[in-house]
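Thanks for coming. Please have a look at the model first.

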Amino acid sequence: MTLAVFFGCSFIAFGPALGLCLFSVVREPLRVIILVAGKAIEGLVALSEDGCSPISIQQMAYVAGLGFGLMSGAFSMINLLADALGPGTVGIHGDSQLYFLTSAFMTMVMIFLHTFWGILFFHGCETQRWWEMVAVIFTHLIVSGLGSRVRQAPSQDPEGPSGALSLSCSLPALPALWCCQLGPTVAFSAISFLFSVIGGPPFVPAGGRCPGAPAARE
Amino acid sequence: MAAGAGWRMGAGERGRRGAETLFRGLLFCVLGCGFCWGNSVERKIYIPLNKTAPCVRLLNATHQIGCQSSMNGDTGVIHVVEKAQDLKWVLTDGPHPPYMVLLDGELFTRELMLQLKGSSRISGLAVAISKPSPAQGFSPGLKCPNDGFGVYSNDYGPQYAHCNWTAWNPLGNGLAYEDFNFPIFLLEDANETQVIKQCYQDHNLPQNGSVPEYPLCAMQLFAHMHAVTNTVTCMRRSSLQTAFSLNPEEVCDALSDYNVWSTLKPINTSSKINPLDEVIIVATRIDSHSFFWNVAPGAESAVASFVTHLAAAEALHKVPDVQMLPRNIMFTFFQGETFDYIGSSRMVYDMKMDKFPIRLDNIHSFLELSQVALRNSSVLWVHTDPVSRRNDSIQPQVETLVEALINSSVGANVTLQEVGQSQPLPPSSFQRFLRAKSIPGVVLADHRTSFQNRYYQSMYDTAENILMKYPEGLSPEETLDYVTDTAKSLAEVATVVARALYQLAGGTGNTSAIQADPRTVSRMLYGFLIKTNNSWFQSIIKQDLKGLLGDELPQHYIAVTTLVNTTQLVQYVLANLTGTVVNFTKEECLNPEKTPNPEKEMYVYTWVQGSRDPNSTSRVPFCVQSTVHLTKAASPAFELKQWGSTEYSTWTESRWKDIRARIFLIASKELEDMVQLPFLLDLMLQPTVFTLAGTTDSALPSLQEDEACWRIPLFQASLL
């Protein structure tokens, strides 16, 4: 559509997540490593002088979740952003004009969702609450299923996937994408956020050095 | 301990390196994903237009003609112009310039195009081909084709130069020779045109006099041409690139191909023929042109003529005593005559420079077949050159020539009439030979003064133009063998030509047995005008040339690649019609020099794949012995590197990278700006949120100390 839409959609999708990165991850290089690599706890412990990890499990869950979320967001948005640079907008086959905007919001919500899933899943593993892990997997499947079903929703694209179920929307004024995909995803995201807050705040003030603990060495 | 620590350090190091590689791999995949073609989002946005033909840029010594688009294509809001008043919206009234005009074929006239050319509100044009052809005729060629490259000039017949005497193509509007700075495409498929019109009606029509609202239907045309100004400039740039660059980026190519020629009596092509031998040259052109690139059906302007020529050659070869005739006959098919006589000027040049087996002095007379399919009440006009006829040695020879023709037409449904003796020659290859030497010759045509062809060098010069009609419900095989009236008419012309040639070559026998076969003419017309992929053509070509025959309408543009389909097909058809089948094996046929025989040097051997038996799937190939040769048809201007020459043709075609067209919707500027709003809100909110988060943590000092070191019992245990 042009540079305006390209930058607008990319900042909508990645802005909050990159903001989180900037304020809570970038200052601590160890968190950056976890963000990129997901799990490097053995290496970190090996590097530390006193054998104790400089980063808490909650921080690691949060950062790892954020990393996964950014990757998933990148995968889903890059295609769209490349096409957003062209002169055309979605709509010639009857799809909604707000496709780019909706996808950008969807990506933003998915990044948050991944972050919260990460925290919940780690918390479930640590405290051995299996229902938390099952809930994460279950909501993962539901959100993915929602995404694929909405893609098969009515559109006059002759080359698109054919023979799909048409989703009826309880709020007909809004486009199907909003109430049938974005809505539930936002709901899951909010619920997951609440549960992850129960699990413990992942934010850590800068500093927090590991004091020497002789018991750990020998 | 130190070694252990080093080992642990190594593990961490390896873990980090692994993570880095993984990250790079993921980044590559992500970027790769973004650039894959045909992805579903792209399908939601764009509808590609596949059945289109562009207008490209051609250059000659002094000018550039054709069309040009911007580097990344030209976009514009579609507006359908079905009547002249619709143009006002595009030129003055419309509120969303620039516009991409979708024009009906009937309105594609010079006046309208000049109006569009002068406007800055046009970003491109798409012309929908008109079915049926426009009733008033349409020719984008010049009124005076190949002016300045024929024989008439200020030194030779100045009263005939520049079509002072008669405009040969009065319907010619010269559109193909104009220079446009926006892209122009031809929409060949009526279904695609309907899709575009539907999109226009859904989004671009003003409702009740109000301005049409966004989103609007738009079209983007990509046709960026690399060459500019003229041939001198583009060839200079190309030669600099070739000379100095490791990766040369040439910008244009000369139009070139091959001429096809064959002799009635075989000659040794590696040496020159005896200076006392006389040759009669029969000539036709085999190419045409139109406004759009590679759209050149050329039915009346080229195909009918060379098909008649091929039929006459076949008829002559069937005569038993032709090998004993005193004079030889050379059947010549010139390529590139549309572009200032590329083929014939090159042959004359080769003859003058002694690079051709036959010299100009060997030429006894010249017979050319110009446009012959639209004869009015069966009259065929005989054109001669008035200036050379003033010569006392040429005049009687011309009279003999005309007499032979008139004698041959007795009994055939062809009435030969001479045009006025003071009338000049129409545009013909014969004019290039006259430039070099005064030779007696005639040009046969179906028109007396201006062309009968109302679609000369246009996309409408198709089989319908020469009145080829087939009954309904025939299969392709039946259509191939059906003899149309056009075929019968052309066969009669071929009969007259063959008989006249026999007499001119010194034949003394009875000519009434010489007859051209209407069935062969009809099959050739079908193959060259409707579908090349038919059973007859399949049986006469070589085995490894499957890509030569196609199912779409054949086009006869010279192009820049060597050996276009037309040249090759003419070569194979001529070999089949005039050659003989010999009993050689495949090895002998493909390598005739291995079994030396003085006869073999005079002939050309071709291993053709033969016809398919109706019961089996395999073909029976055989060897054809013929005298068909190819010689280069490239303008001498490029051999001599005289790129600004006014003596020889200097036509070149620009190079390009990407030619395509697509339609889509464009959104208003307001919607694009609206997309920025959430981002700006987020930008304002984030610092607030995180400042609050920071202050919350500092209000819990007790947590700081306890959480200063985090022991992860599980992992610690594994290390100890």
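A residue counts as buried when its relative accessible area is under 20%. This is a predicted model, and it holds five disulfides over all chains. If you number the bonded cysteines of chain B in sequence order, they pair 1-2, 3-4, 5-6, 7-8, 9-10.

Take Cys589(B) and Cys623(B), which form a disulfide with the sulfur atoms 1.9 Å apart. The link is right-handed, with 85° about the S-S bond. Cys589(B) sits in helix α17, residues 586–590, and Cys623(B) in strand β20, residues 622–626, so the pair ties together parts 34 residues apart in sequence. Cys589(B) has a relative accessible area of 1%, so it is buried. Cys623(B) is buried too, at 1%.

Next, Cys199(B) is joined to Cys217(B), S to S 1.8 Å. This link is right-handed, with 110° about the S-S bond. Here helix α5, residues 190–203, holds Cys199(B) and strand β9, residues 216–225, holds Cys217(B), so parts 18 residues apart in sequence are tied together. Cys199(B) is buried at 6%, and Cys217(B) is buried at 0%.

Then there is the disulfide from Cys144(B) to Cys163(B), S to S 2.0 Å. Both cysteines lie in the loop between β7 and β8 of chain B, 19 residues apart.

Last, two cysteines of chain A. Cys9(A) is buried, with a relative accessible area of 1%, whereas Cys125(A) is partly exposed at 38%.

Technical notes:
Residues numbered from 1 in each chain as written. Chains lettered and ligands numbered in written order. Predicted model: local features only at pLDDT ≥ 70, side-chain atom pairs only at ≥ 80, totals over all residues. Heavy atoms only, no water. Disulfide = S-S within 2.5 Å. Helix = DSSP H or I, 4+ residues; strand = E, 2+ residues; numbered from the N terminus. Buried < 20%, exposed > 50% of the residue type's maximum accessible area, 1.4 Å probe, protein only.
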